[in-house]
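Try each task before you read its solution.

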Amino acid sequence: MRKILATVLLAAFVFSMLPLLASGVATAETPPLPKITGVDPAEPIMQPSRQWLGIIGTGFDADSQVILSIEESVHPIPHDRTEFESSTRINVFVGLTNHGTWTAQVVNPGDVSSNIFAFTVITVDVRPSFQLPFTCGETWYYYTHAGHVSYELDMNAKAPFTDQDTGHNRPVLASASGTVTTAAQTGWNGGYGTWVEISHGSGWTTRYAHLVENSIPVSVGQHVRMGQEIGRLGTTGQSEGPHLHYEQRHNGVLQPVEFNGQAVDYSVVFPNKMAITSANCRGQLLTPPSIIRVLRVETGQIEEVDFKYYVKNVLPNEWIPSWDMEALKAGAMAAKTYAWYWTIHEKYPGQGYDVRDTTGDQVYVPGSSHPRTDAAVDATWHWVMTKGGAVFQAQYDSGTPGSPDPLIHGRLSQWGTQYWAQAGQDWMWILDYYYKPLEIDVLVPFIPVDLVLVLDRSGSMSGAPMQGAKNAAIAVVDMLMRQDRVAVVSFASTANTNVQLTSDFGHAKTEIQKITAGGMTSFGAGLREAVGELKERGTEGHVPIIIFMSDGHHNTSPAPDQWVNECVERGIRIYTIGFGSSPSAVDETRLKGMAAATGGQYLFAPTIYDMEKVFLMFSLEATGWPLIGEFIGTVAQGETVVAGDFTVEPDTDYVRVTLNWPGSDLDLIIERPDGTEVDLGTGTDNIYSGDDAKPEWVILIDPEPGTWIVKVFGKVINPHSEYIVWISGYVPPGPPVSPSTYKFEYSIPDPITVATDVDIDVTFMTAEEKAVGYDGVRFRFEADGPGDVTFRATDSEGVEHTFLNNGFWGPSAGFDLPALYEATTTWTLNFLHRAGDYTITFSLVEAPDGDVIADITETVTVTVKPLPAEVSIDPDTLNLRAWGQWITAYIELPEGYAADDVDIETVELAYGGQESLIAAWGDVQDGVLMAKFDWATVTAWFEGLHDVDVELTVAGEVDGVGFEGTDIIRVIDPSQRRGGR
């Protein structure tokens with residue numbers, strides 16, 4: 001069973017983290033001041049939070065009292081209790097719910113004058129857990145710049161300040177949840193250009209600058225979630241090329257940037273860059289494992305165990321089944337999360353299992369499950385706890401009976417869960433106390449969708465039909481889940497995207513209301529715009545869906561056929577709606593064909609309300625909730641009617657109930673089989689519902705078997721009293737169609753010589769065949785090295801193409817790449833002048849000259865050698881004690897090159913690590929170049945050598961092409977001969 005994360009708000013406040021710094025305030029004739037211990041500033045606690053404070057001083061006794069106050073308040077702050085530990089230590093458990101200066105007094109009755117101690121605790125804000133502002137799992141590059149002030153940061157996909165291989169127009173995401181305080185769509189804005197600022201509470205803000213103009217899908221005052229799109233990477237304002245300018249500020253002051261708790265390296269200055277991978281995964285698909293691999297230590301066998309069975313047979317061995325249920329629920333979450341983490345990561349690399357069945361991991365005993373611990377596992381099974389959106393290693397220790405200790409940051413105390421449960425705390429509070437900072441979310445099984453609503457806004461839709469279509473689109477938006485995204489396209493003679501793909505549903509509904517009608521009817525324009533939106537901004541892992549509505553016949557170009565075919569190739573399903581007085585009034589044949597070709601559906605809607613119903617039914621079908629029941633009826637003002645009932649079979653995971661109506665204001669009521677009424681508010685452990693909107697809907701999670709009753713209450717009847725209730729079961733929609741993966745392979749000859757043609761076979765082939773290929777692609781190739789490179793190849797029609805250093809292969813409009821493909825092209829390369837190392841890169845790109853597709857690129861480095869020259873050094877025996885003026889190098893060049901064309905100023909003689917010597921002059925005789933080198937300089941290279949062979953290298957350029965050759969001569973020094981007379 002597939003599940004997906006949907007955030008549930010657990011509290012109305014924002015956590016901030018507060019390390020405690022203590023300082024003393026002394027009075028005369030008092031013993032040494034007490035101090036707070038037990039709080040490690042390097043391990044900050046959450047605020048609001050409850051925490052043990054250890055107060056150390058002298059003269060305490062069991063009757064000592066602790067009085068706490070904040071700032072200038074004279075009112076004592078209540079605390080849960082004070083425990084006397086010794087004459088030098090008192091422990092206080094208190095809720096640190098306020099910022100500011102705290103004062104604590106320890107009072108001993110009977111000796112007040114000498115035992116009143118006062119000191120101050122200063123709470124300090126700590127930054128939120130900021131994440132990289134890009135999609136989870138993507139690798140980006142950051143760097144700072146000489147023109148930056150303090151801690152500003154730039155980020156891009158690859159090369160800084162270039163138009164190639166960048167993240168231009170890629171989504172920029174919120175680094176943390178917060179409220180938008182600036183959303184400047186256009187203008188210079190002090191050099192920021194288009195930019196966004198988000199306030200995260202406690203004085204912390206983030207800034208995102210140089211975004212694409214008018215790309216901001218959020219507005220001032222809007223709350224955004226971590227990972228929500230807030231704009232597109234661009235180059236507006238004071239920008240030399242596409243990149244994101246990013247800042248983290250506290251109380252307006254720039255701070256060193258941290259991502260996922262790790263500081264960036266500010267020594268990385270442009271043009272250098274540092275790779276970093278995004279953990280901005282909040283709201284991403286989280287699917288618990290179906291199995292876990294367990295090593296049975298005693299037998300040495302590895303077993304694949306159903307994941308839920310594993311957790312149920314761990315919990316009674318780690319928690320005492322008779323404990324309070326809230327303690328057991330906390331334990332169930334810890335045991336599940338710990339095991340889940342190690343199915344994702346490798347604790348035992350290469351060993352073939354995830355965990356062991358002993359205390360080194362968790363004690364797993366098959367068949368040891370207990371009814372009470374089973375109930376705890378079942379009650380929390382649809383919940384997940386994460387940090388920064390990712391499952392973490394939920395470690396825990398036994399702790400001390402009757403105590404919440406030991407409070408080890410990031411670890412849960414098993415006995416502590418029972419302590420807090422007996423103190424009245426629920427399992428969520430307990431987990432937050434030990435694992436903070438923590439996110440607790442409910443798991444529901446929805447595979448996310450990217451839904452594009454396409455609305456006909458031609459002239460015939462003017463008035464009530466246009467408003468009805470907009471109301472229907474808004475109702476669909478209200479049916480979506482938090483992880484879904486929606487876009488809106490409207491078309492007449494032409495089409496435009498009114499709303500880009502977004503999870504900001506409030507923004508989408510606002511923009512829908514702005515659509516106006518007028519013009520002709522171009523199905524092709526509308527479909528082209530919708531497909532383009534899914535291609536450009538679609539999210540990997542989301543199912544692409546189009547719901548297309550029209551009230552007439554396609555009557556102006558372009559025709560939709562091309563984009564219907566593209567939808568087939570890309571796995572985009574189209575649901576079509578014909579709205580009109582009769583089926584003949586709409587282009588039913590074309591609408592039916594669009595739906596049938598892509599695996600969607602078509603329905604005719606004769607009225608505005610029918611159009612809304614069809615929109616909603618299609619949204620349910622497309623997002624995985626096909627109907628299994630439908631109740632239609634009427635209700636009067638103040639009346640409650642039974643709409644119908646439905647039966648839940650054992651082992652049913654999810655049932656969705658949706659109530660819609662054409663007017664009025666109705667309420668949905670659901671009764672369980674035992675007659676109790678379901679609380680339809682959000683945040684409970686068995687309900688997931690939409691906001692208070694029309695339509696009203698709720699999902700029952702693990703509903704108990706039996707007959708459930710659905711009722712409708714007539715809250716305000718004006719003017720209609722009709723209603724419709726849909727009952728849906730969840731069937732995960734098919735995964736999005738994935739294109740094949742491809743690869744390049746090279747055959748590189750050796751050696752490669754400068755200025756000489758060399759054939760390189762480049763094969764492009766399918767690496768992993770999937771459902772479809774790519775449309776509109778071509779190949780790009782480029783060379784980078786010390787000199788120029790020509791590429792030459794002949795196409796299938798016998799036409800030769802030649803490019804210098806870089807170029808594109810294939811028609812300018814691109815070609816369609818099938819899912820299964822292999823072709824080899826022989827490229828003739830010529831490294832024209834310079835020897836050295838060259839990097840050759842072939843890539844698959846979007847036509848005509850777009851971005852690299854899916855990182856399909858291959859790079860090879862080749863070493864190019866100079867032209868080989870025949871070299872002879874005179875003298876062939878060099879006497880270091882003889883005298884001469886010149887060392888002569890006789891140089892014969894390869895065929896086709898003339899010695900007269902050698903630039904003598906480029907000819908050098910080299911030996912070992914000595915500085916090379918440029919020829920003093922040269923002459924040509926019989927086609928051989930004689931290059932003259934200073935005798936004294938050369939002999940100085942070999943001082944101290946005797947009777948050895950040395951290799952000398954001669955290099956130069958002929959017609960700008962490098963050549964090189966070597967010769968071996970003998971070096972003698974008569975003064976170093978041994979012997980006597």
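A salt bridge here is a side-chain nitrogen of Lys or Arg within 4 Å of a carboxyl oxygen of Asp or Glu. With that in hand, note that Glu229, Arg232, Asp450 and Arg485 are linked in a network of salt bridges. Please keep in mind that this is a predicted model.

**Exercise 1. Find out which parts of the chain the salt bridge between glutamate 229 and arginine 485 ties together.**

Step 1. Check the pair: the side chains of glutamate 229 and arginine 485 form a salt bridge, at 3.4 Å from N to O.

Step 2. Place each partner. Glutamate 229 belongs to strand S19 (residues 229–232) and arginine 485 to strand S34 (residues 485–491), so the bridge ties together parts that are 256 residues apart in sequence.

Step 3. Look at the surroundings. Buried means under 20% relative accessible area. Glutamate 229, with 9%, is buried, and arginine 485, with 10%, is buried too.

Step 4. Widen the view: this pair belongs to the network that also includes Arg232 and Asp450, and the structure holds 34 salt bridges.

**Exercise 2. Describe the salt bridge between aspartate 478 and lysine 509, and say whether each partner is buried or partly exposed.**

Step 1. The closest N and O atoms of aspartate 478 and lysine 509 are 2.7 Å apart.

Step 2. Aspartate 478 sits in the loop between helix H7 (464–477) and S34, while lysine 509 is in helix H8 (residues 505–512); the two are 31 residues apart, and the pair links distant parts of the chain.

Step 3. Aspartate 478 has 16% relative accessibility and counts as buried, whereas lysine 509, with a relative accessible area of 24%, is partly exposed.

**Exercise 3. Work out how H7 and H8 are oriented to each other, and which residues make the contact.**

Step 1. The two axes come within 10 Å and cross at roughly 175°.

Step 2. Angles over 145 degrees count as roughly antiparallel, and H7 and H8 are therefore roughly antiparallel to each other.

Step 3. On the H7 side the contact uses Lys470, Ala473, Ile474 and Val477, and on the H8 side Phe505, Lys509 and Ile512. Sorted by class, the contact of H7 with H8 has five nonpolar, no polar and two charged residues.

**Exercise 4. Which residues is aspartate 784 in contact with, leaving aside its neighbours within four places in sequence?**

Step 1. Locate aspartate 784 in strand S50 (residues 774–784). With 55% relative accessibility, aspartate 784 counts as exposed.

Step 2. Beyond those sequence neighbours, aspartate 784 is in contact with Asp837, Tyr838 and Thr839.

Notes
Residues are numbered from 1 along each chain as its sequence is written. This is a predicted model: local features need pLDDT of at least 70, side-chain atom pairs count only at pLDDT 80 or more; totals for chains, interfaces and linings use all residues. Side-chain values use heavy atoms; hydrogens and water are left out. Helices (H or I, at least four residues) and strands (E, at least two) are DSSP runs, numbered from the N terminus. Buried means under 20% relative accessible area, exposed over 50%, partly exposed in between (1.4 Å probe, protein chains only). Axes are lines fitted to C-alpha atoms, for helices over the stretch in contact, and angles run from 0 to 180 degrees between N-to-C directions. Angles under 35 degrees count as roughly parallel, over 145 as roughly antiparallel, 65 to 115 as roughly perpendicular and the rest as oblique. Contact means heavy atoms within 4.5 Å. Ala, Val, Leu, Ile, Met, Phe, Trp, Tyr, Cys and Pro count as nonpolar, Asp, Glu, Lys and Arg as charged, and the others, Gly among them, as polar.
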